[in-house]
Amino acid sequence: MNRRLLDIQNLTIESVATRKPVVRGVSLAIAPGEVLAIIGESGSGKTTLGLTALGHIRPGLQVASGRVLLDGADLLSMGPAALRSMRGRRVAYVAQSAAASFNPSLMIGEQVIEPALVHGIVPADEARARALELYHDLSLPDPANIETRYPHQVSGGQLQRLMAAMAMCCGPQLLVLDEPTTALDVTTQIGVLEAFKRAIRQQGAAALYISHDLAVVSQIADRVVVLHKGVTQEEGPSQAIINAPKASYTRTLLSAYKQWAPGAVAAPTATVGSPLLTASNITAGYGQNPTRGPRVVAVRSVDLEVHRSSVVAIIGESGSGKSSLARVIAGLLPSASGEIHLAGTRLPKTVEQRSKDQLRRIQIVFQSPDVALNPAHTVEQILGRSLALFGGNRRRERGALVRDILEMVQLPAEFARRKPSELSGGQKQRINLARALAAQPELILCDEITSALDTVVAASIIDLLRRLRAERGLAFIFITHDISTAASFADEIAVMYRGEIVERGPTDKVLNRPEHPYTKILVDSVPQLEAGWLEAAAGRRECLLASGGGVTLAD
Amino acid sequence: MLNLIGRRALQGLLTLLLVSFLVFAGTELLPGDVAQAVLGQHATPESLQELRVQLGLDRPAALRYVSWLAGVIHLDFGVSLASQVPVRTLVMDRLGHTLILAGLSAAVAVPIAFVIGLGAATRPAGVFDRISSIAALCVSALPEFFLGTLLVLIFAVNLRWLPAIAYVTEFRSFGQMVTSLAMPVATLAAVIISQMARMIRATVVNVLSLPYVEMAVLKGVSYRRIILVHALRNAVGPIANVVALNLAYLVSGIVVVETVFVYPGLARLLVDAVSSRDFPVIQACVLIFCAVYIALMLLADIAAIIGNPRLRHQE
């Protein structure tokens with residue numbers, strides 16, 4: 001490498017309180033105009049590392065050793081004034097959550113041109129003209145008026161692009177992008193990703209792209225650094241890392257990464273006899289009186305069937321009504337019309353009207369165990385409540401039952417005495433699932449239960465569900481926005497779009513031979529590892545949208 | 001937004017109506033007979049009865065409430081039983097004094113609380129933060145009557161700099177106003193400064209920990225601008241809320257302070273009226289205090305609505 005724009009040398013960052021290193025002896029360099037990706041799971045230290053490129057160390061952390069050179073000047077020994085004049089002007093940051101990173105009380109335009117103004121680069125009207133250009137480049141709708149809007153008035157995908165505009169406003173030499181598309185739907189991600197890639201090219205800026213998603217990285221980065229627990233595992237050109245990984249951690253990451261490619265789907269199990277659950281013509285929504293003409297309709301005339309020991313995945317973008325449908329089936333959201341039958345018996349609309357046995361047979365598992373599990377209770381208490389309510393068993397037997405259930409979710413018996421805060425994210429999700437299992441249900445509704453987990457952990461949860469289905473004949477409705485997971489696990493897929501199920505059928509058929517234009521776009525938006533996929537997919541998407549039979553995408 | 005504010009204002013009026021009922025019911029429940037209190041121990045049963053009829057006390061309570069309320073709406077609070085002067089005249093005499101005292105206390109307290117709160121928030125756990133937070137805790141732990149008496153002991157009795165009582169009927173000069181009001185204002189301000197400073201600090205510290213503030217740091221925005229533009233813009237709603245709540249707290253503080261310093265304000269009138277069982281005066285004073293309190297709460301709500309762009313730009 002001839003010239004190094006950013007040169008991180010043997011950097012170690014540790015926690016002030018525990019002295020435990022978060023980043024350990026990492027070295028990396030970026031040449032001008034180069035895109036380098038850092039790949040890692042949560043807790044790998046990738047954000048901490050990325051922020052050092054702006055000379056920023058979060059409160060609670062400190063630099064133990066090493067240097068971070070920007071064009072030869074050490075950012076870690078710079079004074080506050082020098083750092084301030086560098087930040088936003090020479091190096092700019094794009095955060096994961098645009099919704100949290102925009103000040104809710106200031107107009108978008110003000111915030112986008114703020115870096116240019118505080119650094120005194122250009123006068124306000126010139127900055128505004130430049131921002132307008134960037135809005136066009138990033139394909140933002142209605143660029144002329146977006147600057148006078150407030151952050152809550154635009155969509156998540158738009159905010160993410162606006163944050164990129166904010167970062168590029170001063171024409172920085174280096175962009176640090178921290179998981180900039182992770183919070184977005186795949187159909188939204190593809191557009192944002194393409195806009196980012198194009199804008200980075202046009203600016204001639206170098207970029208440090210932080211992500212956990214190999215496929216996304218393979219589309220945008222020239223080189224990849226794999227980070228695990230703060231230590232560099234390996235480094236090399238993107239395609240080389242993906243095709244011929246050397247480090248064992250990279251291989252684990254790649255194998256856990258259930259890359260869905262056309263053709264590779266789970267073998268369906270034969271469905272015989274009458275369905276376990278039938279939902280017919282369900283319409284539901286929110287408003288003051290949801291059962292009689294809801295003001296906002298979330299689910300519209302939906303039919304669904306689930307057989308014993310089968311898995312039906314419901315996929316679709318956020319806001320498409322997936323969770324609302326699960327809430328209707330669970331009895332948490334009374335439907336405005338339609339019927340639900342469980343093994344031939346019609347179910348009352350609400351939890352209050354259903355019998356205890358009906359409640360026992362359908363259990364729901366929510367996305368976030370942090371919210372679903374009572375932090376003051378031990379695992380034994382959490383599971384015990386479910387056992388007492390549905391099992392009616394004696395207190396003395398409960399200890400043994402708790403051990404059995406923990407074994408079912410592959411956790412050691414001594415976890416019974418722990419509280420949720422003493423468990424890892426994956427372990428908490430297992431307890432969350434165990435709480436549902438304690439009721440001995442026949443159908444479990446899983447609402448995005450792997451979405452917040454790292455790839456490796458998510459894969460192990462899916463393995464667990466697969467085993468539960470095989471051994472106990474459990475049926476699952478598996479709600480996810482992650483098509484790869486659905487493809488690897490589901491017998492049947494239902495695609496939801498704006499409250500309706502637009503396509504339903506065997507996984508193989510829906511994913512490999514999609515009929516509805518929305519399904520086609522959705523399936524084609526799943527990032528693939530091969531080079532050049534992004535541009536090709538974006539092109540196909542334009543064609544589909546042009547002839548899409550009324551399909552429009554939220555952005 | 002106007003819709004929302006209108007609804008809040010309506011709720012405020014309803015609360016006031018409910019309060020008027022409670023005030024009336026409360027004075028009804030007070031022990032003692034008005035006629036007896038007015039005529040004294042040696043009144044004959046006949047004269048007592050005659051006075052009751054004259055005052056309308058023989059009518060049912062509900063009827064008396066309605067006619068009282070009708071008067072209140074026209075700002076007619078009846079006639080004082082003790083002095084036979086219209087209550088409105090009594091109240092108007094005193095209201096000005098109380099407003100001066102409360103207004104001065106607020107004018108002194110709010111800016112000082114802002115400076116202390118923001119100063120402490122910019123460097124949490126710094127020297128200034130620690131000192132100010134210990135001082136604020138100490139002051140807010142002291143009741144007004146103790147603080148007031150302490151000030152009198154130091155500045156009036158020992159140092160003899162200021163008069164011990166603030167009994168003034170009119171202010172003849174600015175200097176005289178300052179010397180007579182210094183201690184009452186200091187007492188009232190000290191308590192609300194400590195509360196407001198702590199709440200302002202907490203609000204600003206909370207806002208400063210949010211991701212958009214880190215984003216502003218990473219954009220190269222100066223610390224001053226982060227505090228004054230990014231943080232304060234979002235903290236202004238909650239802070240205005242805190243300020244309004246503390247000004248409402250002045251309402252109760254003023255009763256104590258006016259008594260301690262023998263200041264001829266509305267609260268003093270109320271305390272005197274209670275001891276002479278002058279019901280119309282009690283009702284008028286309590287109702288005015290409650291109305292002020294509700295108005296300040298309404299202001300706090302409106303401040304919170306204006307401070308939140310989601311509510312401000314509601315369709």
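1. A residue is called buried if 20 or more other C-beta atoms, placed from the backbone, lie within 10 Å of its own, exposed if 12 or fewer do, and partly exposed in between. Helices (H or I, at least four residues) and strands (E, at least two) are DSSP runs, numbered from the N terminus. The model under review is predicted: local features need pLDDT of at least 70, side-chain atom pairs count only at pLDDT 80 or more, and totals for chains, interfaces and linings use all residues. Residues are numbered from 1 along each chain as its sequence is written, while chains are lettered from A and ligands numbered from 1 in the order in which they are written.

2. Strand 19 of chain A (residues 492-497) has six of its six residues buried, so it is largely enclosed by the rest of the structure. In a regular strand, side chains alternate between the two faces of the sheet. Here A:Glu492, A:Ala494 and A:Met496 point one way, A:Ile493, A:Val495 and A:Tyr497 point the other way, and all are buried.

3. Strand 19 of chain A has neighbours that may be described in turn, with two strands taken to pair if DSSP finds at least two bridges between them. Strand 13 of chain A (residues 311-315) pairs with strand 19 of chain A in the parallel sense over four bridges, and A:Val312 has A:Glu492 as its bridge partner. Strand 20 of chain A (residues 500-506) runs antiparallel to strand 19 of chain A, and six bridges join them. A:Tyr497 stands opposite A:Glu500 of strand 20 of chain A. The hairpin of strands 19 and 20 of chain A has two residues between the strands, and A:Arg498 takes a positive phi near 50° there.

4. Chain A also holds an open sheet of six strands in the order 6-7-8-3-9-10, with mixed pairing. Its edge strands, each pairing on one side only, are strand 6 (91-94) and strand 10 (231-237) of chain A. From one strand to the next the twist averages 15°. Strand 6 of chain A pairs with strand 7 of chain A (residues 174-178) in the parallel sense over four bridges; A:Tyr93 stands opposite A:Val176 in strand 7 of chain A. Helix 7 of chain A (residues 156-168) packs on the sheet and touches strands 6 and 7 of chain A, its direction making about 170° with that of strand 6 of chain A.

5. Chain A is divided into domain 1 (6-256) and domain 2 (277-525), with bounds that come from an automatic or database domain assignment. Taken over C-alpha atoms, the centres of the two domains are 35 Å apart. Ten residues of domain 1 of chain A are in contact with ten residues of domain 2 of chain A, a contact being two residues whose C-beta atoms, placed from the backbone, lie within 7 Å. Helix 8 (186-203) and helix 11 (248-256) of chain A each supply at least two residues of the domain 1 side.

6. Two packed helices are described by the angle between their axes and the distance between the axes. Axes are lines fitted to C-alpha atoms, for helices over the stretch in contact, and angles run from 0 to 180 degrees between N-to-C directions. Angles under 35 degrees count as roughly parallel, over 145 as roughly antiparallel, 65 to 115 as roughly perpendicular and the rest as oblique. In chain A, the axes of helix 21 (residues 517-524) and helix 22 (residues 533-546) come within 10 Å and cross at roughly 170°, which makes helix 21 of chain A roughly antiparallel to helix 22 of chain A. Helix 21 of chain A contributes A:Pro517, A:Lys520, A:Ile521 and A:Asp524 to this contact, and helix 22 of chain A contributes A:Ala537, A:Arg540, A:Arg541 and A:Leu544.

7. Chain B has 13 helices and zero strands. Of its 315 residues, 34% count as buried, and its C-alpha atoms fill a box of roughly 85 × 60 × 35 Å along the principal axes. Helix 5 (residues 87-122) and helix 11 (residues 266-275) of chain B pack at about 135°, with axes 7 Å apart; that makes helix 5 of chain B oblique to helix 11 of chain B.

8. The contact between the chains takes 23 residues from chain A and 16 residues from chain B. On the side of chain A that touches chain B, the largest share, three residues, comes from helix 4 of chain A.
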